[in-house]
Amino acid sequence: MSGHPSYQPQSAFMRWMERRLPLGGLIYSSFVAYPTPRNLNYWWTFGGILAFMLGVQIVTGVVLAMHYTPHVDYAFDSVEQIMRDVNYGWLLRYLHANGASMFFLAAYIHLFRGMYYGSYKEPREVLWILGVILLLLMIMTGFMGYVLPWGQMSFWAATVITNLFSAIPLVGESIVTWLWGGFAVGNPTLNRFYSLHYLLPFVIAGVVGLHIWALHMVGQNNPAGVEPKTEQDTVAFTPYATIKDSFLLAVFCIMFAWFVFYIPNFLGHPDNYIPANPAVTPMHIVPEWYYLPFYAILRAIPNKLLGVMALGASILILAFLPWLDTSRVRSARYRPAYRQFFWAFVIVCIGLGWLGSKPPEGNYVLFARIFTAYYFAFFLVILPVLGKIERTKALPNSISESVLREGKPIGAPAPPPASAKV
Amino acid sequence: MARARAVLALAVLLAAPCAPARAQEHETPAPPTNRWSFAGPFGKFDRGQLQRGFKVYREVCQVCHALKLVAFRTLADPGGPAFTTAQATAIAAEYQVKGEPDEQGDVKDRPGRLADTFPPPFPNDQAARARYNAVPPDLSVIAKARGYERGFPRWVGDIFTQYQEQGVDYLTALLQGYKDKPPAGVTIPPASFYNEYFPGHAIAMPPPLTDNRVEYTDGAPMTVEQYAKDISAFLMWTAEPHLEARKRSGMQVFIFLIVLSALLYFTKKKVWHAVKLHPEELKPRPPSEYPRA
């Protein structure tokens, strides 16, 4: 990605500064002159949205932490104190609680976009793995944040999830006791969750830095899935990408505001407005919506240890995606068969989410098992095999060409790979 | 579109075999939905209703149920029941709250002040259980702590209709849902009452409301139905005291964001216009030159 104009400091101060700390040059080359493929669609704006959401969560979270008390006897009431007596406390809390949902929504869209357009493929494997690490960190952070208000769901979610570790043979029980800091979920658990909930977002911010660094090393993928070849194939990040990102961010914020101001408790569970009570188990313990697919996978498997392993594997398997997908064509645009399997995968993930909210009985379990099987088969069977046998469509010569033809295939399809059996 | 239909078809396919199983499991009817003045994007509490609801709380609920998160001062806050500060002070003074230690270190009860919260009717849960065989829940956030399963596809519609009143609708139904005798074939444990809307139907709370139990001076009907609605609305306010401010700010934020989005959209169009303007510079090559996948 060379050849774009370098930073020319305009003021004497910036010239002075640039010789000592080239921050202006870094920002200029990363966010102004950085060449982005000209054919990026709106699915590419979610990276910026995610960065914005991380900022929202950290800013609201830091202020909430000033008013919150991490103690089993005061946590619930201190959250209500924020809602009642802190100026705009209701806004901070609803922004933070709904912000977590928006964060996950954007992350899932970002992830599915990467899968659809093959953004994980060579040379973007490390970029992709950093993304999987970010997802893992987000899952941990979100879970611990959900425990902090110390409502019924907080308490029982903490109990259920920490108990998963008891499935580990021999040392499981000791690990759970160590995690709890006692013999049940209690004040030490709440305190360490609070500490880690404050710490992890900054770890996320650090990994986001690496993620962006890796991105700027290899450049962005694009809907055509062919690398930029000429100057014509790219446009400067500013103003082109900045304005496009800003527009969709504003639209995203409209949806965010709809939840925060009008239906702030829609995504929450009423039981979490009941103070935690270790003596009363809620009728159905359900996690937040963004964990439901993983929860469904956990419960689909009758053996506890295997269920926990499947839960872990369902996330970790994403890290191996660059090597599980054997196709050399990146974009699903030119992979008609992959496209079908991809959309089936999306439906399966949504289906698992729905099943995760249902009690584990009757047909729900049956469907959860079928969907779980597809989830893993997609990675372990479909992707490795499909890459070898799929007839892909002809790739455009360049990004410019794909723009010119509006993504429609030109000419005859490419000959099938040598290994294909027809 | 085809994809959307596929998702819908799949959802229906999945829901169909599961639905009858659920119907047998809970015979609890869905609470009827009411029209609330505080529903929707422009929602505001009905001051008269909140004051009547407060009267119901004071004369009926308060005997057993605490409101420990609600401070007397908030009764005079904007967006609430709109009592004057003098009225709120007078209300506070009618309560005896636990005082501060005096010079001798003795703690005596004293009349409530604006800064105090409603004193609980029982010193602890054990005392409540000893008396009523159950712990009457604190009512401060009860309107958000209760609800009912909306089911698919109604919950999707709720996003757009902004239906957030499951809690109050449930409370209103519960207060009117008592039946003198459980239906044939249903037995409930002693010292409990049959209620149509309560999960499991056996509720420890005796029917709290009867017609004419609380005197209304503003001409509102003194019926169980009206009492149930008024107390539910009051409890919605105690659960969400800044609801009006929230919805008002929401509208301002909305107008701002929509104008901003529109401006950004047209700016984006303008910026990208130059890129779209010269497609002829992009020369396609013949298929023979296509790279192999």
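**Helix packing and cores in the predicted model**

In this predicted model, the buried residues of α3 in chain A pack against α4 (75-84), α5, α9 (187-218) and α10 (237-262) of chain A. Here helices are DSSP runs of H or I with at least four residues, numbered from the N terminus. Buried means that 20 or more other C-beta atoms, placed from the backbone, lie within 10 Å of a residue's own, and contact means C-beta atoms within 7 Å. Among the buried residues of α3(A) are A:Phe46, A:Ile49, A:Met53 and A:Leu64.

Residues are numbered from 1 along each chain, as its sequence is written, and chains are lettered from A in the order in which they are written. Local features need pLDDT of at least 70, side-chain atom pairs count only at pLDDT 80 or more, and totals for chains, interfaces and linings use all residues.

Next come the nonpolar cores, sets of buried Ala, Val, Leu, Ile, Met, Phe, Trp, Tyr and Cys residues joined through C-beta atoms within 7 Å. The largest has 89 residues, and A:Ile297 and A:Leu352 touch the most other members. Helix α5 (residues 89-116) of chain A gives the most to this core, 15 residues. A second, separate core of 43 residues includes B:Val56 and B:Ala173.

A:Ile297 also turns up where two helices meet. The axes (lines fitted to C-alpha atoms, over the stretch in contact, with angles from 0 to 180 degrees between N-to-C directions) of α11 (residues 292-300) and α15 (residues 363-389) of chain A come within 9 Å and cross at roughly 105 degrees. The contact includes A:Ile297 of α11(A) and A:Tyr375 of α15(A).

Technical notes
A residue is buried if 20 or more other C-beta atoms lie within 10 Å of its own, exposed if 12 or fewer, and partly exposed in between; C-beta atoms are placed from the backbone.
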